[in-house]
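Trainee: Let's go through the labels on this model. I want the criterion behind each one.

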Amino acid sequence: MTTRVIIVDDQAMVRAGFAALLAAQSDIDVVGEAPNGAQGVELSRSTHPDVVLMDVRMPEMDGLEAARRLLAPPPGVTHRPRVLMLTTFDVDDYVYEALRAGASGFLLKDAPPADLIAAVRVVASGDALLAPSVTRRLIADFARQRPAGRGKPALRLKALTERETEVLTLVARGQSNSEIAETLVLAEQTVKTHVSRVLTKLDLRDRAQAVVFAYESGLVAPGE
């Protein structure tokens, strides 16, 4: 199955480089490029990509606003791509807000080519790109600045079973399914089932949103 990708970045050289790299993969098809968020949204609406590579900082409309429009489309628009944020900074306010909006993760622009290819495949498969330690640090840094665990997010935790709460805690600490399985002495498939139930019960799109939710509800405290 081929993954359809569009690249949204204000630097032509970056777009061209990423496009050439990804188009060389037999399972990835680059279906368009755009120089800013506004055009990126229009392009996504017309081409229906599986994954949008979205730069954070762009003129006219930045990547955060574009991600919001793609992930919370107006009535009548049913297509919602996966959004992978691209940034030159390892800590950026916009990235955290993009994760809250539903982006599936982020990648530094200077990451090795193999990481970009792998990231597209990971996000296209429906998972979130949370492996880089910088992602967890970024979420923790911003969570530290916000009041934890009051109101609706904390109340929503009551919908989870004790085991599901344990699994969400470990997801928020950056553990993979196999690591969670080892920690809790469970089969990996059982962990996948628990993760799926957590996402469904909390109405979360993927692991990226689950991590943000865990911090904002107070389930996990920064620095733990």
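Trainee: Why are α9 and α10 called roughly perpendicular to each other?

Mentor: Start with the angle. The axes of α9 and α10 cross at roughly 105° and come within 8 Å. Axes are lines fitted to C-alpha atoms, for helices over the stretch in contact, and angles run from 0 to 180 degrees between N-to-C directions. Angles of 65 to 115 degrees count as roughly perpendicular, under 35 as roughly parallel, over 145 as roughly antiparallel, and the rest as oblique. The value of roughly 105° falls in the perpendicular range, so α9 and α10 get that label.

Trainee: Where do the atoms and the numbering come from?

Mentor: This is a predicted model, so local features need pLDDT of at least 70 and side-chain atom pairs count only at pLDDT 80 or more, while totals for chains, interfaces and linings use all residues. Residues are numbered from 1 along each chain as its sequence is written, and side-chain values use heavy atoms, with hydrogens and water left out.

Trainee: What makes a stretch a helix or a strand?

Mentor: DSSP runs: helices are H or I with at least four residues, strands are E with at least two, and numbering goes from the N terminus. This protein comes to 11 helices and 5 strands.

Trainee: Which residues of α9 and α10 meet?

Mentor: Contact means heavy atoms within 4.5 Å. Asn-177, Ser-178, Ile-180 and Ala-181 of α9 meet Glu-188, Val-191, Lys-192 and Val-195 of α10. They divide into 4 nonpolar, 2 polar and 2 charged.

Trainee: What makes α1 roughly perpendicular to α5?

Mentor: The axes of α1 (residues 12-23) and α5 come within 10 Å and cross at roughly 70°. That sits inside the perpendicular range, so the label holds. This crossing is right-handed too. Phe-18, Leu-21 and Leu-22 of α1 meet Pro-113, Leu-116, Ile-117 and Val-120 of α5. The contact has 7 nonpolar, no polar and no charged residues.

Trainee: How do you know that the buried residues of α2 line one face?

Mentor: First the term: buried is under 20% relative accessible area, exposed is over 50%, and partly exposed is in between (1.4 Å probe, protein chains only). In α2 (residues 37-47), the buried residues are Gly-37, Gly-40, Val-41, Leu-43, Ser-44 and Thr-47. Seen down the axis of α2, they fall within an arc of 165°, so they line one face. The arc is that of the directions from the helix axis to the C-beta atoms. The face turned away from the buried side carries exposed Glu-42 and Ser-46. The buried residues pack against β1, β2, β3 and α3.

Trainee: Why is Arg-68 called partly exposed?

Mentor: Its relative accessibility is 37%, which lies between the cut-offs, so Arg-68 counts as partly exposed. Arg-68 lies in α3. Leaving aside neighbours within four places in sequence, Arg-68 is in contact with Glu-97 and Ala-101.

Trainee: What makes Glu-60 and Val-185 exposed?

Mentor: Glu-60 has 73% relative accessibility, so it counts as exposed. Val-185 has 72%, so the label is exposed here too. Glu-60 lies in the loop between β3 and α3. Val-185 is in the loop between α9 and α10. Neither is a glycine, yet phi is positive: about 70° for Glu-60 and about 55° for Val-185.

Trainee: And Asp-110, buried or exposed?

Mentor: Exposed: its relative accessible area is 67%. Asp-110 lies in the loop between β5 and α5.

Conventions: Left-handed = near helix turned anticlockwise from the far one by under 90°. Nonpolar A, V, L, I, M, F, W, Y, C, P; charged D, E, K, R; others polar.
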